[in-house]
Amino acid sequence: MLLHSGSLVATIVAAAVLPPNGLDYLLIFFGWVAGGLGISVGYHRMLAHRSFDASPLTELVLLSLGAMTGQGAPRYWAHLHRTHHRYSDKIGDPHSPVNGYAGSPLRGFLRAHFFWILEGYLPRRIEVPSDIDRKGSVRFVNRHHLLLLIAGLLIPTTVSAAASATVLGAAHGLFWGGFARIVLVNHIIWGVNSVCHSTGRMVYQTGDFSRNVWWFALLSFGEGWHNNHHIAAASASFTHRWWQIDMGYLAILVMRAFGVASSVRLIRPNALLSMRVT
Ligand SMILES: [Zn+2]
Ligand SMILES: [Zn+2]
């Protein structure tokens with residue numbers, strides 16, 4: 001929480017005294033892409049749901065990109081996320097907007113977004129299933145996730161310093177490519193729990209409040225097709241229609257074309273017809 005509140009303050013300060021330049025926007029864009037690959041593809045689809053296999057180096061890169069977002073160690077993230085699916089919007093779901101807050105939608109939304117982090121559901125108290133960190137890449141990123149987070153701040157700082165050859169340029173890289181990027185990426189990740197369990201379209205009877213939110217899918221590398229994901233969590237693809245853009249799945253297809261991803265699991269929408277609401 002210190003990281004996230006500190007990053008928010010740093011972003012507000014930067015907006016006041018360091019207006020973003022063209023390179024800052026580029027750094028934020030590439031940071032957003034890296035965060036999407038790290039969390040949606042690496043932490044979520046590869047590790048938590050094991051919906052595809054990746055080469056050891058690809059695993060390491062994806063999980064390292066995930067750690068750079070400030071979402072914590074992958075083993076805790078994956079286990080928390082599995083817990084969310086197991087108890088979705090019922091007692092035991094770590095970040096449901098309705099669980100215990102039925103009388104106050106705004107309070108429930110804010111709890112699902114990030115206040116759940118303050119509720120004492122501390123990852124280190126959780127027994128993590130052994131399949132999650134059976135691989136060396138996972139154990140490495142678990143051990144070094146704080147160093148990777150710092151690397152995620154230093155990389156844009158170095159790029160901006162090298163491009164401008166000034167200390168002010170380095171500050172731009174740190175504040176916009178580092179802190180502001182952390183704020184943006186984390187609000188998008190948390191939004192899957194808040195926005196996509198509060199609003200949007202329910203296509204399948206999942207027994208929870210998961211929804212498809214098309215505009216959020218564009219921001220979140222396809223995570224916004226959240227009702228599709230809840231009905232078929234083991235599938236690497238969240239898209240059930242040709243027009244549903246899922247950039248995370250496209251990234252997996254590209255990785256498979258390059259021979260660094262395999263065993264891509266898919267659950268075809270035709271197999272889910274009986275579960276449709278509409
Ligand atoms: Zn969900
Ligand atoms: Zn999931």
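Which residues does His-145 touch, not counting residues up to four places away in sequence? In this predicted model, His-145 touches Ala-67, Gly-72 and Ala-73, where two residues are in contact if their C-beta atoms, placed from the backbone, lie within 7 Å. The residue is found in helix 6, and His-145 counts as buried because 23 C-beta neighbours lie inside 10 Å; a residue is buried if 20 or more other C-beta atoms lie within 10 Å of its own, exposed if 12 or fewer, and partly exposed in between, with C-beta atoms placed from the backbone. His-145 and Gly-70 are separated by 75 residues in sequence, yet their C-alpha atoms are 8.3 Å apart in space.

Residues are numbered from 1 along each chain as its sequence is written, and chains are lettered from A and ligands numbered from 1 in the order in which they are written. As the model is a predicted one, local features need pLDDT of at least 70 and side-chain atom pairs count only at pLDDT 80 or more, whereas totals for chains, interfaces and linings use all residues.

The protein contains 10 helices and two strands, helices (H or I, at least four residues) and strands (E, at least two) being DSSP runs numbered from the N terminus. From the N terminus on, the order of these elements is α-α-β-α-α-α-α-α-α-α-α-β. The radius of gyration is 19 Å, close to the 19 Å that the globule rule gives for 278 residues, so the protein is as compact as a globular protein of that length; the radius is taken over C-alpha atoms, and the rule is 2.2 Å times the number of residues to the power 0.38. Along the principal axes, the C-alpha atoms fill a box of roughly 60 × 50 × 40 Å. Of the 278 residues, 46% count as buried, and among contacts with a separation of 6 or more, 65% are accounted for by residues 24 or more positions apart.

Leaving aside neighbours within four places in sequence, Leu-62 is in contact with Leu-37, Gly-38, Val-41, Gly-42, Met-46 and Ala-54.

Two helix pairs were examined in turn. Helix 3 and helix 6 pack with their axes 9 Å apart and at an angle of about 35°, where axes are lines fitted to C-alpha atoms, for helices over the stretch in contact, and angles run from 0 to 180 degrees between N-to-C directions. In this pair, Pro-56, Glu-59, Leu-60, Leu-63, Ser-64 and Ala-67 of helix 3 meet Ser-137, Val-138, Phe-140, Val-141, His-145, Leu-148 and Leu-149 of helix 6. The axes of helix 2 (residues 22-48) and helix 4 (residues 74-86) come within 10 Å and cross at roughly 65°. Tyr-43, His-44, Leu-47 and Ala-48 of helix 2 make this contact with Pro-74, Trp-77, Ala-78, His-81 and Arg-82 of helix 4.

In helix 5 (residues 105-113), the buried residues are Gly-108, Arg-111, Ala-112 and His-113, and these pack against helix 7 (167-194).

Among the loops, the one between helix 7 and helix 8 holds Ser-210, which counts as buried because 26 C-beta neighbours lie inside 10 Å. Ser-210 touches Ser-88, Cys-196, His-197, His-226, Asn-227 and His-230, not counting residues up to four places away in sequence. Positive phi values in residues other than glycine include that of Arg-50, near 50°, and that of Ala-165, near 55°.
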